Amino acid sequence: MGEGLRRNASKFPAKIAAKDRFREISYGDLNGRVNQLAHALLSIGVRKGDAVALSVGNRVEHLEIIFATAKIGALAIPLDVKWKALELGSVVSFFKPSVLILQQDCVDEFKKAKTTHDLSFLKPIVISDLTYGGLLNGHSSEEPKVAVSEDDPFAVLLTSGTTGFPKGCLSTQRTFVLICINNAIEKGLGMHDKAILSSPIYFNVGRSFTLAIIYFGGTMILHERFDAEEVLRTIERESVTYIGAVPAMCERMLHVLESKKYDTSSLRCLAITGGKLHPSVLESLVKNVTPNIYRSYGATDSGQMAISKPGDMDSKPDAAGRPVWCADLRIVDDRNNPMKVNEVGEIVCRSPLAAQGYYKNPEATDASFRDGWFYTGDLGYFDKECYLYVVGRKKDMVKSGGISIYPL
C-alpha cells in the first residue's frame, strides 16, 4: 500500500491528494509527512509486525497514520472516535497495540478508560498539532528502509457483526491492494476521480474507496460527519465524481433536494452499500441525483461480494447483483450441499478480498472461515442469470406452519 503513495508523489507531487476542514495536502507533501511519521514511529520502538491503534476521524492525519504504518510493516487498528471509555478500554486491552494515536477530543475518554482497564503496556500519542505533539520534529522525509512484503499484515478492521464484542478482520498488504483494484475494475475508480467521504472512515463503507483514491492518485475530500446539504454543496462546488453512501444518507440528500437544487451532474459513481433501498428511493435518486448508481453487497470479513451496476436497475432492481470479478459465491444448506437456482440457503464466499481471519481470535476464525470459504450467515439465492438476492440473516429466520419467514 505504501508503494502506491510513493509512486503518486513521484508522478504528480503538486496534485491535491486530500483535504479536510483544516487543510489540504499535495501528494508530495503527504508522502513526505508519512515518511516522517514512519521514522518517528521507528524511533519510539515500533517495529515491523507491531500493532498501532488510532482513534482519529475523517482527517488527513488518519491517512498519514495508515500509510506510515504500511511503510514500516506495522499493523494499523482504526478505532471509532465516538467510542466511550468502556468500549475503548475493552478493545484496546484485548488487542494490546503498542501505540495508540488519538485526536484531541478522544483524550478524556481514554483517561477514563485507564481508570478501569490496565493500559500500562500502551504508549499514547495525542495529535495536538501538525507535528503530532513534536513527534515528527527532526525526522527525515526520505523513504524508510524497511522491507515490506505483500504477505505482511496491513490492518485490523473491526466488525461487531452479530456477536457483540468487535472482531478484528486481519488484512494483508496484498489483500488491500486487491481491494483497491476491485474498486477500479467494478466502479472505474482511478486518478481521474475526486471523491467525498462523509461516513466514518472507521467503517468499511468508506474506508476501502478512500484508501483506493490515494493508492490510485485521485483527490479525497474528508467530511468529519454527514451533512446532506453540505455534501450536495460540495459535489456542485468541487465537481465531485465519486461518493459512497448508505441508504439513510441517500434519503437525507433527497429530502434536501425537495426544496433546493444542486448540480450533481459531475457524479459518475454513487456507490451504495449497507442495506436495501426502497424502489421509490432508487427511482428518485436516478431522477434527482445521478443514474450512475452502483449497489454493493459485502462485509468487512469478506470484502465486496456482489455488485449491481447502473444497467441492472431496470431489469433487476431487487438483486444484490452479480459476483465481483474475483469472488466465488455459493448457496448452501446446513449440510454444505449446494442449493439449486431460486432455492434459499446460506451465502458463502471464497475471495482474495476476504480477511485472513480474526486477529487474536482463533475460535471465531474457525467458526466463520472454513476450507477457504467465509460463511456469511446471510441467506440468499441465485436466479437463472446468476444474479444474487439476499433475503435475510440465517439466525433471524423463523418457521410458521412449515413456511420459512425472513423478517428482512
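Predicted model: local features only at pLDDT ≥ 70, side-chain atom pairs only at ≥ 80, totals over all residues.
**Exercise 1. Work out the strand order of the open sheet of nine strands and find its edges.**

Solution. The order is S2-S1-S10-S9-S11-S12-S13-S14-S15. Pairing in this sheet is mixed. Strand S2 (24-26) and strand S15 (322-323) stand at the edges. Each has a single partner strand, so one side of each lacks a neighbour in the sheet.

Then see what packs on the sheet. Helix H8 (residues 228-238) touches strand S1 (16-19), strand S9 (194-197), strand S10 (219-222) and strand S11 (242-245). The direction of H8 makes about 165° with that of S9. Helix H10 (residues 279-288) also packs on the sheet, touching strand S12 (269-272) and S13. The direction of H10 makes about 135° with that of S13.

**Exercise 2. Assign the sense of pairing for S1 with S2, S1 with S10, and S13 with S14.**

Solution. Recall the rule first. Strands of a sheet pair through backbone hydrogen bonds, either parallel or antiparallel.

- S1 with S2: the sense is antiparallel, over three bridges. Ile16 stands opposite Ser26 in S2. The two strands form a hairpin with four residues between them.
- S1 with S10: these strands run parallel and are joined by two bridges. Lys19 has Ile221 in S10 as its bridge partner.
- S13 with S14: strand S13 (residues 293-299) and strand S14 (residues 303-308) run antiparallel, joined by five bridges. Ala299 is bridged to Gly303 in S14.

**Exercise 3. Describe the surroundings of Thr219.**

Solution. Thr219 is found in strand S10. Its relative accessible area is 9%. That is under 20%, so Thr219 is buried. Leave out residues up to four places away in sequence. Thr219 then touches Lys15, Ile16, Ala17, Asp193, Lys194, Ala195 and Ile213. One of these, Ile16, is the residue that stands opposite Ser26 in S2.

**Exercise 4. Characterise the second largest pocket by volume and lining.**

Solution. The volume is about 340 Å³. The lining has 19 residues. Closest to the pocket centre are Val81, Lys82, Pro200, Glu224 and Arg225. Sort the lining by class: nine residues are nonpolar, five polar and five charged.

**Exercise 5. What is the phi of Lys360, and what is the phi of Cys386?**

Solution. Lys360 has a positive phi of about 55°, although it is not a glycine. Cys386 is not a glycine either, and has a positive phi of about 65°.

Locate each residue. Lys360 is in the loop between strand S17 (345-350) and helix H11 (362-368). Cys386 is in the loop between strand S19 (373-382) and strand S20 (388-393).

Finish with accessibility. The value for Lys360 is 43%, so Lys360 counts as partly exposed. Cys386 is partly exposed, with a relative accessible area of 38%.

Technical notes. Residues numbered from 1 in each chain as written. Heavy atoms only, no water. 1 Å grid on protein atoms, 1.4 Å probe; cavity = no way out; pocket = protein on both sides within 12 Å on 5 of 7 lines; lining within 4 Å. Points joined across faces, edges and corners; volume = space filled by probe spheres on them. Nonpolar A, V, L, I, M, F, W, Y, C, P; charged D, E, K, R; others polar. Pairing = 2+ DSSP bridges. Contact = heavy atoms within 4.5 Å. Axes fitted to C-alpha atoms, helices over the stretch in contact; angles between N-to-C directions. Buried < 20%, exposed > 50% of the residue type's maximum accessible area, 1.4 Å probe, protein only.
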